[in-house]
Amino acid sequence: MLGNMKKATSDKWDRRYFGLARRVSQWSKDPKAKVGAVLLNRQGWPIALGYNGFPSRIEDDIEKLADAELKNQMVVHAEENALIGAGTRARGGTIYVYGKPICPRCAVSIIQAGVTRVAAIQPDPRKNPDSDTHRTGVLSLKLFKEAKIKFSPLDPAILQPKRRKAKKSRMRTK
């Protein structure tokens, strides 16, 4: 029974922090990619948030955002922003990422920062054959496995509100 209670509590907090990562992703000004990250310390407290965007003091102008090659060279990924904000406090923590599977560039930074658990979208190149992110996300999973970092796949569907059963009316009709 206690094991089930721990699992239900863990699932509840996964939904909450994954939902917070979704909210943070909306802060990105990138019209094509909205990614958010929430980083928890080893005690499970949120210590940093991140979203994909240009570095601070770099203008988010439409021309830069429209030029995919330039944008991809300049953008700071959500995971990187959270890790930079947390500094050494990331060691032993958990990162939640919403929006896209984690790319190898970010996987390497997560490993180097000492994060011990990653909760994010599972890359699936078979379902998303045209997605570079899903294709390269498979490498990220291999890196996490080799570095002994726990990967917890989260489906964005867990953030959909649960339907409540309609209560029976107590009013009597004549």
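Q: What pattern does the chain follow, read along the sequence?
A: In this predicted model, the order along the sequence is α-β-β-α-α-α-β-α-β-α-β. That reading contains 6 helices and 5 strands.

Q: How are strands of a sheet held together in general?
A: They pair through backbone hydrogen bonds, and the pairing is either parallel or antiparallel.

Q: In what order do the strands of the sheet lie here?
A: The order is β2-β1-β3-β4-β5, in an open sheet of 5 strands. The pairing is mixed.

Q: Which strands stand at the edges, and why is one side of each left without a neighbour?
A: The edge strands are β2 (46-51) and β5 (150-153). Each has a single partner strand, so one side of each has no neighbour in the sheet. From one strand to the next, the twist averages 15°.

Q: How many bridges join β4 to β5, and how do the two strands run?
A: There are 4 bridges between β4 (residues 117-120) and β5, and the two strands run parallel.

Q: Where does Asp30 lie?
A: Asp30 is in the loop that runs between α1 (2-25) and β1.

Q: Is Asp30 buried or exposed?
A: A residue counts as buried when its relative accessible area is under 20%. Asp30 has 6% relative accessibility, so it is buried. For the chain of 174 residues, 40% count as buried.

Q: What does the side chain of Asp30 make a polar contact with?
A: One partner is the side chain of Lys71, at 3.0 Å. A polar atom of the Asp30 side chain also lies 2.8 Å from the backbone nitrogen of Lys32.

Q: Which residues is Asp30 in contact with, leaving aside its neighbours within four places in sequence?
A: They are Asn52, Leu65 and Lys71.

Q: Among contacts between residues at least 6 apart in sequence, what percentage join residues at least 24 apart?
A: The share is 62% for this chain.

Terms used
Residues numbered from 1 in each chain as written. Predicted model: local features only at pLDDT ≥ 70, side-chain atom pairs only at ≥ 80, totals over all residues. Heavy atoms only, no water. Pairing = 2+ DSSP bridges. Axes fitted to C-alpha atoms, helices over the stretch in contact; angles between N-to-C directions. Buried < 20%, exposed > 50% of the residue type's maximum accessible area, 1.4 Å probe, protein only. Polar contact = N/O pair within 3.5 Å; in protein donor to acceptor, adjacent residues only side chain to side chain. Contact = heavy atoms within 4.5 Å.
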